[in-house]
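Biologist: I am new to this structure. Please show me how to read it, one feature at a time.

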Amino acid sequence: MASETINSAKDAAGLAALISRAAEQTGDKPRGPAPVERWNPPFCGDLDMEIRADGTWFYMGTPIGRAPLVRLFSTVLRKDEDGKTYLVTPVEKVGIKVVDAPFLAVEMMVTKEGGKQQLTFRTNVGDVVAVGKDNPLRFEIHGENHELKPYLLVRGRLEALVSRAVMYDLAALGEAMDIDGTEMFCVRSGDDVFPVMPMNELDMLSK
C-alpha cells in the first residue's frame, strides 16, 4: 500500500514484512545481505531502533527477541560516509542508533591454509568472515580501564565488535613483531599482519 512506510510499522514483525516486500519489488532475493550499496533511496527520517553495545537490537524500546527478524534487519544495514547507520530498502533509507558496532563477533575459528594461520569469525547475525585485506581487524584501547576492543570489518563500513570471551582467545594468538622499527604486538591471518599495540604499552597494561 502507498501509505506503508518503514516508520509506519507498529512492531518489529510489521517492519520485517515491509522490508521484505520492498526488496521483492526489485527482484533481488539474496540469501545473504541485500545489495544495499546499489540502492539510492531518499532519506525518510530516523527510526526508533537501537543496537546496544552487547549486540541486542531494540525497536520502539522493546528488545527484538526473534533471531530471524534481527537477521533480516541486519541484511539491509548500511553505514554511509557521514558515519551514520541506516536501514536501506530500494524505496526508503532511515537512520538507526548504534551504540558501538552493529554486529558482535561471537566465535573464532583458527585453521591452517598453506601452513599459515587463518582466522575466521562468526557474528551474532550469522555472517562468517575470514580475516584478510578485505576484512581487516583493527584495535582500540577504550576507557579509563584501558580495555582492548578489537573490531572486524564485515562488509561495506559495517564492523563487528569481537566479544570479550573471543577477544581473550584472539589475544592469545598475538606475537611480537618489528613494524617499521617499532616492536609491536600483532595478530596474523593468512599473509596479513594486524598490529594491536606497541609491546611497551602491552607491558604497561599487564602490570
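Modeller: Start with one residue. Met60 has a relative accessible area of 45%, so it counts as partly exposed. Keep in mind that the whole model is predicted.

Biologist: Where is Met60 found?

Modeller: Met60 sits in the loop between strand 2 (57-59) and strand 3 (62-63).

Biologist: What is the phi of Met60?

Modeller: First the general idea. Most residues other than glycine have a negative phi. Now the case here. Met60 is not a glycine, yet its phi is positive, about 55 degrees. Asp180 is not a glycine either, and it has a positive phi of about 55 degrees.

Biologist: Where does Asp180 lie, and is it buried or exposed?

Modeller: Asp180 is in the loop between strand 13 (175-179) and strand 14 (182-189). Its relative accessibility is 78%, so Asp180 counts as exposed.

Biologist: Next, helices. Which residues of helix 3 are buried?

Modeller: To read this, ask which way the buried residues point. In helix 3 (residues 164-171) they are Val166, Met167 and Leu170. They cover an arc of only 105 degrees around the axis, so they are on the same side of helix 3.

Biologist: What covers the buried residues of helix 3?

Modeller: Several strands take part. Among them are strand 7 (103-113), strand 8 (116-123) and strand 12 (158-162). Strand 10, strand 11 and strand 14 also belong to the cover.

Biologist: And what is in the loop between strand 12 and helix 3?

Modeller: Ser163 is found in that loop. Ser163 counts as buried because its relative accessibility is 15%, and the cut-off is under 20%. Set aside its neighbours within four places in sequence, and Ser163 is in contact with Leu104, Ala105 and Val106.

Biologist: Let us turn to the core. Which residues touch the most other members of the largest nonpolar core?

Modeller: That core has 51 residues. Leu15, Met49, Phe73, Leu87 and Phe121 touch the most other members. Helix 1 (residues 12-24) gives the largest share of this core, five residues.

Biologist: What is Leu15 in contact with?

Modeller: Leave aside its neighbours within four places in sequence. Leu15 then has contacts with Ile6, Ala9, Leu47, Met49, Tyr59, Phe73 and Leu87.

Biologist: How many disulfides does a search of the whole structure find?

Modeller: The search finds zero disulfides. Cys44 is partly exposed, at 32% relative accessibility. Cys186 is buried, with a relative accessible area of 0%.

Biologist: Last topic: charge. How many salt bridges does a search of the whole structure find?

Modeller: The general idea is simple. Side chains of opposite charge can pair when their charged atoms come close. Here the search finds 14 salt bridges.

Biologist: Which side chain meets that of Arg78 in a salt bridge?

Modeller: That of Asp80, at 2.7 Å from N to O. Arg78 is buried, with a relative accessible area of 8%. Asp80 is buried too, at 12%. Asp80 also meets Lys93 in a salt bridge, at 3.1 Å from N to O. This pair links distant parts of the chain, 13 residues apart. Lys93 is in strand 6 (residues 93-98), while Asp80 is in the loop between strand 4 (77-79) and strand 5 (85-88). Both Lys93 and Asp80 are buried.

Biologist: With which residue does Arg122 form a salt bridge?

Modeller: With Glu107, where the closest N and O atoms are 2.7 Å apart. Arg122 lies in strand 8 and Glu107 in strand 7, so the pair ties together parts 15 residues apart in sequence. Arg122 is partly exposed, at a relative accessible area of 33%. Glu107 is partly exposed as well, at 32%.

Biologist: Which residues are linked in a network of salt bridges?

Modeller: Glu50, Arg52 and Lys97 are linked in this way.

Key. Residues numbered from 1 in each chain as written. Predicted model: local features only at pLDDT ≥ 70, side-chain atom pairs only at ≥ 80, totals over all residues. Heavy atoms only, no water. Helix = DSSP H or I, 4+ residues; strand = E, 2+ residues; numbered from the N terminus. Buried < 20%, exposed > 50% of the residue type's maximum accessible area, 1.4 Å probe, protein only. Arc of directions from axis to C-beta. Contact = heavy atoms within 4.5 Å. Core = buried A, V, L, I, M, F, W, Y, C linked by side-chain atoms within 4.5 Å. Disulfide = S-S within 2.5 Å. Salt bridge = Lys/Arg side-chain N within 4 Å of Asp/Glu carboxyl O.
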